[in-house]
Amino acid sequence: MSETPLARTRRARRIDRALGERYPDAHCELDFRNPLELLVATVLSAQTTDVRVNLVTPALFARYPTAADYAHADPDELEELLRPTGFFRAKARSVTGLGAALVERHGGQVPARMADLVALPGVGRKTANVVLGNAFGIPGLPVDTHVLRVSTRLGLTTEQDPVAVERDLCALLRPRDWTMFSHRVIAHGRRTCHARTPACGACPVAQWCPSAGIGESDPVAAARLVKPSAHLAPVPGQTEGIVGPGAPSRLPSQSSSTSVERPGASSGTK
């Protein structure tokens, strides 16, 4: 029997609560202090890891504290700073163009509207949602490769287009939960629901997952597959006390009165 929309909504919210218990400190893993830093860091995270971006950004942010600084950056100097992130020439051009657009269109400030963000060069819905949810406290649900994979396995969407996946997930959750749901699913995808061999036997949402059993089902063997993290609650069968990097940033509190823009299909997915 097919699942009704109401049943799927209830299941999605149970999954969200269970993931919140397993990953109580899930957060944006890019280091930032203001919207501009997060916007630049998110653009740089393409084709590399958050960890590698965080190694580069302290010197980058100190050298270029404003959008105008990026707009007028020396190309060779900027490329050298960005070299460790890969595709450094293209990324240097991207952040230079981004800085120029912010200066020209928004007085050097990062806008807090989806339509304005996705109009910036190199910025699509994923990047815009990261900035809205984490720098401004405006509900947004970024769909990256982990969210796409895990939400499909969970049967919360049948779509493969990130904008369509975002639309399906947002319809199941309260706006105030969108950003944290994305963080929790990303943490789950990185730590437990791996692309090749998911640790099904150690999964906190297996009882609500139609794909349960596609990976390692033995609880002890599955616990060994779970990657440790500073924001992962102890997994039964796993050695405790092993943690990863600390939490670099926090999600701003989200006001229930904040204007929410529902996902649409008119913008990109970066």
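**From values to terms**

Reply: Of the 270 residues of the protein, 49% count as buried. The model is a predicted one. The protein holds 12 helices and 0 strands.

Me: Why is Arg184 called buried?

Reply: The term buried applies under 20% relative accessible area. Arg184 has a relative accessibility of 18%, and therefore it counts as buried. This residue is found in helix H11, which spans residues 178–191.

Me: What makes the pair Arg184 and Asp16 a polar contact?

Reply: A polar contact requires a pair of N or O atoms within 3.5 Å, one able to donate a hydrogen and the other to accept it. The side chains of Arg184 and Asp16 are joined by such a contact, at 2.9 Å. Leaving aside residues up to four places away in sequence, Arg184 touches Asp16, Leu19, Gly20, Tyr23 and Ala26.

Me: Why are H2 and H3 called oblique to each other?

Reply: The axes of helix H2 (residues 35–44) and helix H3 (residues 50–63) cross at roughly 135° and come within 11 Å. Angles over 145 degrees count as roughly antiparallel, those from 65 to 115 as roughly perpendicular and those under 35 as roughly parallel, while the rest are oblique. The crossing angle of roughly 135° belongs to the rest, and H2 and H3 are therefore oblique to each other. On the side of H2, the contact is made by Glu37, Val40, Ala41 and Leu44, and on the side of H3 by Val53, Thr57, Leu60 and Phe61. H2 passes H3 in a right-handed crossing.

Me: How do you know that helix H9 is mostly covered?

Reply: In helix H9 (residues 145–153), 7 of the 9 residues are buried. These buried residues are His146, Val147, Leu148, Arg149, Val150, Ser151 and Arg153. Helix H10 (162–172) and H11 are included in what covers them.

Me: What is found at the start of H9, and what just after this helix?

Reply: At the start of H9, a side-chain oxygen of Asp144 reaches to within 3.0 Å of the backbone nitrogen of His146. Just after H9, Gly155 takes a positive phi of about 75°.

Me: Which share of the contacts with a separation of 6 or more comes from residues 24 or more positions apart?

Reply: Such residues account for 64% of those contacts in the protein.

How values were computed: Residues numbered from 1 in each chain as written. Predicted model: local features only at pLDDT ≥ 70, side-chain atom pairs only at ≥ 80, totals over all residues. Heavy atoms only, no water. Helix = DSSP H or I, 4+ residues; strand = E, 2+ residues; numbered from the N terminus. Buried < 20%, exposed > 50% of the residue type's maximum accessible area, 1.4 Å probe, protein only. Contact = heavy atoms within 4.5 Å. Axes fitted to C-alpha atoms, helices over the stretch in contact; angles between N-to-C directions. Left-handed = near helix turned anticlockwise from the far one by under 90°.
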